[in-house]
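Dear colleague,

I am handing over the structure we spoke about, and below it you will find my notes on what was found. Please read them alongside the coordinates.

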There are 2 protein chains.
Amino acid sequence: MDQEQKEYFMNEALKEAKLAFDAGEIPIGCVLVYKGKIIGRGHNLRQASQQAIDHAEILAISQANRQLASWRLAGCQLFVTLEPCPMCAGAILNARIDEVYYGAADLKAGVAGTLMNLLNDGRFNHQAYIEKGILEDKCLGILQTFFKQVRKEK
Amino acid sequence: MDQEQKEYFMNEALKEAKLAFDAGEIPIGCVLVYKGKIIGRGHNLRQASQQAIDHAEILAISQANRQLASWRLAGCQLFVTLEPCPMCAGAILNARIDEVYYGAADLKAGVAGTLMNLLNDGRFNHQAYIEKGILEDKCLGILQTFFKQVRKEK
């Protein structure tokens, strides 16, 4: 996949993040791509749904599983605006996703290179290729704008 | 919680594992307890649902979130027949579950003490108390019976 394509799909993940932002949720978005087409989309919904598991990646994976009628997402690329947390990294392993592209690093909970790297640990039965920093400024920017606004409202 | 109570709730998790067994799924079960009552139950459903995320713990957490109308499960105890994988350990952290009791260790993917310990890593914003080996023989036994049967059928 060339850089233009990567940025195209990360922009789609950013559209999802914007939907979260507009709903007052921490703005994180994700899309899942299979053979050049988006087959799963998701954005953080935790406050609206009050479901601890409703992170962008989990919702996108769940939709992609329905689309392919399979729990296996081999051959898929995942694009997410923020580095995955342990739950989402684990879901990526469980779904056998091959490639993970993320925008901003998560210094507090990121486990695709920041605090540790669960996606490249040979003890698990799957590993994923990781590329970080795709549209990093935009992905970080929407989060910073959100938290600035939250602090102002307090 | 005394040993008798712990075994009572692990037996309930085993009942869930049995439901998975009867459905031809890898037999793992989970219950979530709040103030002495079960508020979430789940068993592995991956083959039936073709959802990579449908592990016992995820389904029990999701049900408990609905029951309490909150993504926060502080004050809850989770009982699961097999040591959590990265996804489920991450969901336990995300839901702020305080106590985790498991039956059998998972030598291939267990991250509550076996391959690593995600539930006691001070870099994350939550840690959980862990106790392993509750009704271990029964929890391991149902898995061994299942895999013996699968091998026979092949």
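**The interface and the sheet**

Across the interface of chain A and chain B there are 0 salt bridges, a salt bridge being a side-chain nitrogen of Lys or Arg within 4 Å of a carboxyl oxygen of Asp or Glu. This is a predicted model, in which local features need pLDDT of at least 70 and side-chain atom pairs count only at pLDDT 80 or more, while totals for chains, interfaces and linings use all residues. Residues are numbered from 1 along each chain as its sequence is written, chains are lettered from A and ligands numbered from 1 in the order in which they are written, and side-chain values use heavy atoms, with hydrogens and water left out.

Chain A and chain B bury about 2600 Å² between them, 63% of it on carbon and sulfur atoms; this is the accessible area (1.4 Å probe) lost on putting the two together, summed over both. The contact (heavy atoms within 4.5 Å) draws on 32 residues from chain A and 31 residues from chain B.

In chain B, an open sheet of 5 strands runs in the order β2-β1-β3-β4-β5 with mixed pairing, where strands (E, at least two residues) are DSSP runs numbered from the N terminus and two of them pair if DSSP finds at least two bridges between them. β2 (37–43) and β5 (129–132) of chain B stand at the edges with a single partner strand each, so one side of each has no neighbour in the sheet. Strand β1 (residues 29–34) of chain B pairs with β2(B) in the antiparallel sense over 6 bridges, and B:C30 stands opposite B:G42 in β2(B).

Best regards

Definitions and conventions. Helix = DSSP H or I, 4+ residues; strand = E, 2+ residues; numbered from the N terminus.
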